Amino acid sequence: MLKTMMRRAGKCAAVAAAALMMMSVQAAEPIKIGSFLSVTGPASFLGDPELKTLEMYIEKINEEGGVLGRQLELIHYDDVGNASSARNFASRLIRSDQVDIIVGGSTTGATMAAAPLIEQAQVPFISLAGAVVITTPVKKWVFKTPQSDRMAAERILSDMKDRGITKIGLISGTGGFGSSGRTQTLEVAGLLGIEVLADVTYSGSDTDMTAQLTNIRNTKGIEAVLNFGFGQGPAIVTRNYAQLGMGLPFYQSHGVASDSFLELAGSSAEGLRLPASPLLVPDSLPDSDPQKAVVQNYKSEYEARWGSKVSTFGAYAYDGLMLAVRAIETAGSTEPEAVREALENIKGYVGVTGEFNMSPNDHNGLSADSFRILEVQNGEWKLIN
Amino acid sequence: MLSEFLQYLFTGITIGATYALIALGFTLIYNSSHVINFAQGEFLMIGGMATVSMAAMGVPMVLAIVLAIILAGVLGIALQRFAIAPAKQADVVTLIIITIGASIFIRGIAQLVWGKEYHVMPNFSTNEPIEVFGAVLNSQSLWVLGVGAVLVVALVLFFTKTLIGKAILATSMNKEAARLVGIRTQMVLMLAFMLSALLGSVAGIVVAPITFTSYDIGIILGLKGFVAAAIGGLGSGVGAVVGGLLLGIVEAMSAGYISSDYKDAVAFSMILLVLFFMPRGLFGAKIVERV
């Protein structure tokens, strides 16, 4: 009897010692940051700058001594914009790579495909995709850095209201981004008392939207037009809009907030407004703006390192990585539950995308104000508010 | 009311003219070899992208256009020489699959060379739209229509008045007989690929200021062109033109009057209807079986 107890105690001690040893070994081991991004394929414009940003800042953090005295190690897979491979890679990150945290998921599709698996494995996950469904309703282990399309709709419609516009025409793409944006716009419009008198769509591969815009033009009482869409479609809409001489205030969504859109749309874009990250206008932010320094730094560092233009999408990865680092530092370890809790309680982190105030009910932490309303003036973005 | 109708009509005719040009390219190759060349859309893309990139390098616009067309023509010949000719004994179906492979290959190269971004090409003439009875017409649409008309007339003349054109026709009617009277059918085939590449690239260039251009623009436009050719009846030149215009106009009208959501559905059900009642298309050749 005594013997067996002794033996058991001995076993326990051995296990404890082994565990201790393992922990001390682990202390020197790198912190594994897993990522699955759409680096190639149709969503490569998202994944490419995101991966570049992660690589560059992990390098930088490691040069500065790492996190908690441990180096960071990036383990990354390319999901080619395919949701099912995103799910497979998430599973590989969890099971065989045993990462401590996942920062990735370029598209909403990839994120949503991987989320249940990650939830089950209980690994903190910071998504870089936009749709509101990712964090509404709140999933315990899932966070995200971009603003949702609902915030964009709120920002646009309240800007319209400030200008005294109450009746609008809506044209949207039939892709995931456009149709989700359309739903959110209709909902928010109802709440703000704005009437949507015309509601037309176009598909991503359409090459001429004159017919849809003519439809809007012939609807009586419309005071402004909003286009919710992504890719080259909105640029064609913008051109057709100018050709038709619509003459009404014109809004686009954050989906086209980039310099390449200005290039495509050319002079037709003159006067249009859209909600965007301050990254497009780093120098016109007032000095009192807490984001100014962060935004300017990210832009200059990225452009110096990669020799290509900075994009808002890369900024989502920047914020994701910084949130992860901050959470691990606060938690003092990479213990998943502690990191998750630290993430959930991050307050006042000023990132490139906006100021994050996470809470158990809000795993995004941004407010609609993090979008700035920009107007195109003389072919350049101009900060309106 | 009239202005609305005209607006939809203009939109439809413009895009329809593009479909028609692509459909003509399909017809040319189909006629000479019974192959449906799914790389047709890539010629369109090469035309637009090469012009844009050369113009960006400082080559004058007109020269850039000419060079782009030549590049596409060379590519058409290369496609026939290196992909189709080595498999000459193969089935038509095998050849069609080869063209699909070739199109993926060309698209991949284009993506590597030119990147994935969309590019703009300036309008050939003024940016100011033209107003007709309250409807607005992009000045570039006139270019599309004009160039399209000239090409169609040129093709008709080529096939009816020149010896080479007649040789192509002869090969399409009966390859064996054509060979017996001394027509080099391989040469004819090469010519057909070159011509359809030229047609495709011209379509890609004139339409680029309206649609923008990118490495993957050929997929959807090529498919629509094929649909137009099928509606008109594969192998019929008139059919290709009518099919293209019809498809464009139906698309624009249904987007305007019914709902943009059903635009593609209406266009595709039209194909079903046409093919259901006239399996060989509107102007397809009647095949008489000889016993």
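Leaving aside neighbours within four places in sequence, B:Thr171 touches B:Ser32, B:Ala178, B:Ile183, B:Thr185 and B:Val188. This residue belongs to a predicted model, in which chain A and chain B bury about 2100 Å² between them. Over all chains, the structure holds 17 salt bridges.

**Helix H6 of chain B**

- B:Thr171 is located in helix H6 of chain B, which spans residues 163-173.
- B:Thr171 counts as buried because its relative accessibility is 3%, and buried means under 20%.
- The buried residues of H6(B) are B:Gly165, B:Ala167, B:Ile168, B:Thr171 and B:Ser172.
- These residues lie on the same side of H6(B), because they cover an arc of only 160° around the axis.
- The exposed residues B:Leu163 and B:Met173 are carried by the face of H6(B) turned away from its buried side.

**A:Ser35 in chain A**

- A:Ser35 is part of strand E1 of chain A, residues 31-37.
- With a relative accessibility of 0%, A:Ser35 counts as buried.
- The side chain of A:Ser35 reaches the backbone oxygen of A:Val103 at a distance of 2.7 Å.
- Apart from neighbours within four places in sequence, the contacts of A:Ser35 include A:Leu54, A:Leu74, A:Ile75, A:His76 and A:Tyr77. A:Leu93, A:Val103 and A:Gly104 are also in contact with A:Ser35.

**Salt bridges within the chains**

- A:Glu59 and A:Arg305 meet through their side chains in a salt bridge, at 3.2 Å from N to O. The pair links distant parts of the chain, 246 residues apart: A:Glu59 is in helix H2 (residues 44-63) of chain A and A:Arg305 in helix H10 (residues 291-306) of chain A.
- A:Glu59 counts as partly exposed at 38% relative accessibility, and A:Arg305 is partly exposed with a relative accessible area of 38%.
- A:Arg273 and A:Asp159 form a salt bridge whose closest N and O atoms are 3.0 Å apart. Because A:Arg273 lies in strand E10 (residues 273-276) of chain A and A:Asp159 in helix H5 (residues 149-162) of chain A, the pair ties together parts that are 114 residues apart in sequence.
- A:Arg273 counts as buried at 11% relative accessibility, and A:Asp159 is buried with a relative accessible area of 4%.
- In chain B, B:Glu42 forms a salt bridge with B:Arg107, with 3.4 Å between the closest N and O atoms. B:Glu42 lies in helix H2 (residues 40-56) of chain B and B:Arg107 in helix H4 (residues 92-114) of chain B, so parts that are 65 residues apart in sequence are tied together.
- Both B:Glu42 and B:Arg107 are buried.
- A network of salt bridges links A:Lys140, A:Glu337, A:Arg340 and A:Glu344.

**The interface of chain A and chain B**

- Chain A and chain B each give 26 residues to the contact.
- Carbon and sulfur atoms give 53% of the buried area of about 2100 Å².
- The interface holds zero salt bridges, while four residue pairs are in polar contact between chain A and chain B.
- On the side of chain A that touches chain B, two or more residues come from each of strand E7 (195-202), helix H7 (210-217), helix H8 (233-243) and helix H9 (259-265) of chain A. H7(A) gives the most to this side, with six residues.
- By class, this side of chain A has seven nonpolar, 14 polar and five charged residues.

Methods:
Residues are numbered from 1 along each chain as its sequence is written. Chains are lettered from A and ligands numbered from 1 in the order in which they are written. This is a predicted model: local features need pLDDT of at least 70, side-chain atom pairs count only at pLDDT 80 or more; totals for chains, interfaces and linings use all residues. Side-chain values use heavy atoms; hydrogens and water are left out. Contact means heavy atoms within 4.5 Å. Buried area is the accessible area (1.4 Å probe) that two parts lose on being put together, summed over both. A salt bridge is a side-chain nitrogen of Lys or Arg within 4 Å of a carboxyl oxygen of Asp or Glu. A polar contact is a pair of N or O atoms within 3.5 Å; within protein, one must be able to donate a hydrogen and the other to accept it, and residues adjacent in sequence count only if both atoms are side-chain atoms. Helices (H or I, at least four residues) and strands (E, at least two) are DSSP runs, numbered from the N terminus. Ala, Val, Leu, Ile, Met, Phe, Trp, Tyr, Cys and Pro count as nonpolar, Asp, Glu, Lys and Arg as charged, and the others, Gly among them, as polar. Buried means under 20% relative accessible area, exposed over 50%, partly exposed in between (1.4 Å probe, protein chains only). The arc is that of the directions from the helix axis to the C-beta atoms.
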